[in-house]
Amino acid sequence: MPLTDAPRIMTARLGDPDSYTIERYLETGGYQALRKALTMTPAEVAAEVDAASLLGRGGAGFPAGRKWSMLKKDPVTSLVVNGDESEPATFKDHLLIERIPHQILEGVIISAYALQVTRAFVYVRGEFALGLERMEQALNDAYHHGAVGADIFSSGFSLDIVVHPGAGAYICGDETALLESLEGKRGFPRIKPPYYPAVIGLYHQPTVVNNVETMANIPWIVANGGAAFAALGAGRSCGTRMFALSGHVNRPGPYEVEMVKVSFRDLIYAEELGGGIRADRELKAFIPGGASSPWFGPEHLDLPLGQDEVGQAGSMLGSGSVVVMDSSTCPVRAAWRITKFFFRESCGQCTPCREGSGWLERILYRIENGGGREQDLDLLLDICDNISPGVHWPPEQTTICPLGPSIPPSIASSLLRFRDDYLVHIKDGGCPHG
Amino acid sequence: MSYFNATMTGRARQLVSLYPEPRSALVPLCHLAQEQDGWLTPEAMEEIAELVGVTPAEVRGTATFYDMLHTEPVGRYVVAVCTNIACLLDGAIELLAHAQERLGVPVGATTPDGLFTLEEAECLADCDHPPCVQVNHRFVRTTTAAAFDRLVEELSAGGHAEDIPAHGTLVRVRRSGGLRVDAGQIARERAAQEGSG
C-alpha cells in the first residue's frame, strides 16, 4: 500500500495473473470469511458491516450498513449487485470483475446471508465480455465448491445467484434504472418516492442494491472485524478505496489508497501512484469524481481523498475516478465531450435533461468549432440554470434521476474557471489548441 | 419454436428458468439471438416475445433502448472507439478519424464486405489504456493507428478466431450450477410422453 501501511483489501491478489481462478482464490484464503460468517448469526454479520462504516463505493456514498438496516420492517427478497460501471473515466469495477470475481461473489454470499435473502443478481455491464465470462466461470466454480446453492457449506443456508448481462446504457447504473433493466424493460429510472429500492425494488419487492467494490470489501470486514475497517481512514470515510486515475499523468491506473490519508497531490504526483504530469507540464484542472463532478484546480491538490472533505470543497469523490488535464487541454473541448456523453445517454423521460443536454452540446460544439457568439456564454449558464436552478453544488434535483442535474457541473466548472479560453475561441473563430 | 436452432432453444429455456419473472430474460435472450445471427431479426424478436410473454413490439421497444442490441444487420466485427473524456485527452478523436479512413466508412456504417461496423463509443472503463478500442466488446488495446491497422489486417485474414468471436457471442461460459428444470418444460415433456404413450 503506497504512502500508508494500510492493508490491501482490493488489490492484494492482483499481482497474480491467475487471481480470477478458484484455485488461486482458495490458496489465498478465499471463502474463509464466508465460513466464519456462517458460524455467526445474520444479525452479527450485519452488525460487523455496520461497525465498519463502509460507505457505498458506487458513487452516491450511502452507508452500506444503513442500506441493509432499512429493511428491518419488510424482509428483503433480493440482493442486486451493480456492476454496470459506466461513469466516464471510472474503471475500477471493470478491473475487480475481471480479476477478483470470487472476492465479489464471496461478498455477495455473505451479504445475502446477513440479509437472509435466497436470491441475488450480479448485473455486469454488457461491454465487459471478458468480465462476464470470468464472473460466470467463478459462479460455476463457487457452486461446485459448495459456496453457493443449496445448503452452503452444510450451514442450512441456501442462495442462488444469477449473473445478468447489461446491454449498453449508462443510465442503468442508476439503481432504479438497473432494476427496470433487470426486469427486462427499458432502463428508465423510476419516479420517486419511494426513494429506495429497500421500499420497492425488484419485482416491486424490498431489494438491496450494492456496488461491486462495496461487495468486495465484505469478506475482509467479516474476517478482520468491522472495527479494523473503521480504524482505517478518518471521519466518515473509512477503509481503503479504489481510485481510477487517468488523463495526462505518467502512470494512469487503478490505485487502492487509504481514505483521507492520501491527498489528490499524492495520487497525481507520488512516484508509486500517478508519477506526476507528463512532460512536466503544469496542471490545468482535474475532475475529482467522475463526469458529473465539478472540476478542481491546482488550489485543491492538498485536499484529502475523503468523502466529506471533497464534498465541503464543492465537489465529490463520486465514483472514484480522477481525470488530470494538463496546460495543453482545451476546456471547451473537454466540456463539450462530457456534455455530448450526457446527451447520448439521457433516457429521454424528463424535458430539462433530454432537451437541455442536446442544446448545450450544440452550443459547445459551435464554440469549439468556430461558430461561437459572445452571448453563448450567458446562454450556456442560463440553460444550466434551467436544468438545475442555481447551478450550485450539490445540484438542485429537478428530474427523475440525477443524470440531468449532472450536466451543468462540468460546463459551469469549465466556463467559470476558463472564461478567457472561451472568449479566445469566439474571437479567433475556433480552437487555439488545434 | 422456430427461430432459435435446437441448441439455442435449450439455452433460451434455461435463461427463462433462471428468473422469477420470465421477462427478466428478455435482454439475455436478445444477446442469445445475436449470438445465433449477429443481430436481432424480426423473427428473433417475435420468438423472444413468446418466450417471455410480451408482445414483439415490447421486445423491440426494449431492445432499441440498448446500444449493444442491433435491430439491423451489423458486421462480423463491431469496432468501437471511445472518445470520452480520458480517451479524448489522449488522441481519441484522431484515432477515430483514422479508423474511418482505414475502414472507409463513417461512424455507424458497415464495410461493403460485411466485415466491420464502426462505432463511436462512450467510456468503456479501460481509461488507463487510451484511446480505448473494443472489437465485439473485447478490449484490444490498439492505442495507435499502426496497431489499429495491424488488427484490422489480422481480422480481415481470419485471425483472432479464439479471442474475438463473431459479433453477438458475448459469454462463452455456460452456466452449470444451480440449474432447476423449468416447470413449463417438465409440463411440456410430460404432455409429449402422454401423447406418445
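This is a predicted model: local features need pLDDT of at least 70, side-chain atom pairs count only at pLDDT 80 or more; totals for chains, interfaces and linings use all residues.
Visitor: Let's start with salt bridges. What can side chains of opposite charge do when their charged atoms come close?

Guide: They can pair up. Over all chains, this structure holds 31 salt bridges.

Visitor: Which residue does A:Arg236 form a salt bridge with?

Guide: With A:Asp308, and the closest N and O atoms are 3.0 Å apart. That pair ties together distant parts of the chain, 72 residues apart: A:Arg236 sits in the loop between strand E5 (233-234) and strand E6 (237-238) of chain A, while A:Asp308 belongs to helix H12 (residues 307-312).

Visitor: How about chain B: where are B:Glu35 and B:Arg174?

Guide: Their salt bridge has its closest N and O atoms 3.5 Å apart. B:Glu35 is in helix H2 (residues 26-37) and B:Arg174 in the loop between helix H7 (145-156) and helix H8 (183-196) of chain B, 139 residues apart. B:Glu35 is buried because its relative accessible area is 19%, under the 20% cut-off; B:Arg174, at 37%, is partly exposed.

Visitor: Which residues gather in a patch of negative charge on the surface?

Guide: A:Glu374, A:Asp378, A:Asp382 and A:Asp385. A:Glu374 lies in the loop between helix H14 (351-368) and helix H15 (375-387) of chain A, and counts as exposed at 55% relative accessibility.

Conventions:
Residues are numbered from 1 along each chain as its sequence is written. Chains are lettered from A and ligands numbered from 1 in the order in which they are written. Side-chain values use heavy atoms; hydrogens and water are left out. Patches are made of residues with over 30% relative accessible area and no salt bridge: like charges are joined within 9 Å, nonpolar side chains (Val, Leu, Ile, Met, Phe, Trp, Tyr) within 5 Å. Accessible areas come from the Shrake-Rupley method with a 1.4 Å probe; for residues, only the protein chains shown count as cover. A salt bridge is a side-chain nitrogen of Lys or Arg within 4 Å of a carboxyl oxygen of Asp or Glu. Lys and Arg count as positive and Asp and Glu as negative; His and the chain ends are not counted. The place of a charge is taken as NZ of Lys, CZ of Arg, CG of Asp or CD of Glu. Helices (H or I, at least four residues) and strands (E, at least two) are DSSP runs, numbered from the N terminus. Buried means under 20% relative accessible area, exposed over 50%, partly exposed in between (1.4 Å probe, protein chains only).
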